[in-house]
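Subject: Structure handover

Dear colleague,

I am passing on the structure below, and after it you will find notes on what turned up in it. Please read them with the model open beside you.

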Amino acid sequence: MKIETARLQLIPPSLEYQPRILAAIQESEQELTTYLSWVPYALTQAESIADTQLAISNFTNATDELRFSIINKQTAELIGAIGLIIRDNSVPFYELGYWIRTSSAGHGFMTEAVTAIEHYAFSKLNAVRLEIRAAQTNHKSWAIAKRCGYEFEGTLINERRLPSGELDNTLVYSKTQQPQR
């Protein structure tokens, strides 16, 4: 099940794209490692294959996270990933997580991907709550939430430890929709 936008395709996890995911993570390691603790464990072929297999299983079984690879339609380059982390199926409530390849940052791709996956979550998964959480020092991440019209709900003080070991606050943004009857 692909999600299409004007410039992007969001594609469910596949071993076909695993080498391209690994290349994007390796290219962007320095930037991604600042905020994402999983990056050091995703830098080898074996780790990347295992992670992709887990992502395929999660997607197939609708557990933990529904992850999509982000493909630039014009260049066919894999430029990042976006996922819906399942927080509570009974609500349903999802948290968006995303990263973008360093060379593709600053072109509005992630804003477009967030808008597309949000539409998918509300229309196909009947989500009533979407949440974006970002480290307060990760200006680029929470700026996307603001650009996409997510409402600022609050700051969780000293709520996360960055991979560097520094303590940081977490900003919480959300978008809600009334349940479908």
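This is a predicted model: local features need pLDDT of at least 70, side-chain atom pairs count only at pLDDT 80 or more; totals for chains, interfaces and linings use all residues.

Residues are numbered from 1 along each chain as its sequence is written, and side-chain values use heavy atoms, with hydrogens and water left out.

Tyr-150 also belongs to the largest nonpolar core, which has 34 residues, and it is one of those that touch the most other members, together with Leu-10, Ile-82, Leu-84, Leu-96, Val-114 and Leu-130. Such a core is a set of buried Ala, Val, Leu, Ile, Met, Phe, Trp, Tyr and Cys residues joined through side-chain atoms within 4.5 Å, where buried means under 20% relative accessible area with a 1.4 Å probe, counting protein chains only. Helix α4 gives the largest share of this core, 9 residues; helices are DSSP runs of H or I with at least four residues, and strands are runs of E with at least two, numbered from the N terminus. Apart from this core lies another, of 13 residues, including Tyr-17, Ile-25, Leu-43 and Ala-81.

As for the sheet, it is open, with 8 strands in the order β1-β2-β3-β4-β5-β6-β8-β7 and mixed pairing, two strands being paired if DSSP finds at least two bridges between them.

Best wishes

Terms used:
Buried means under 20% relative accessible area, exposed over 50%, partly exposed in between (1.4 Å probe, protein chains only).
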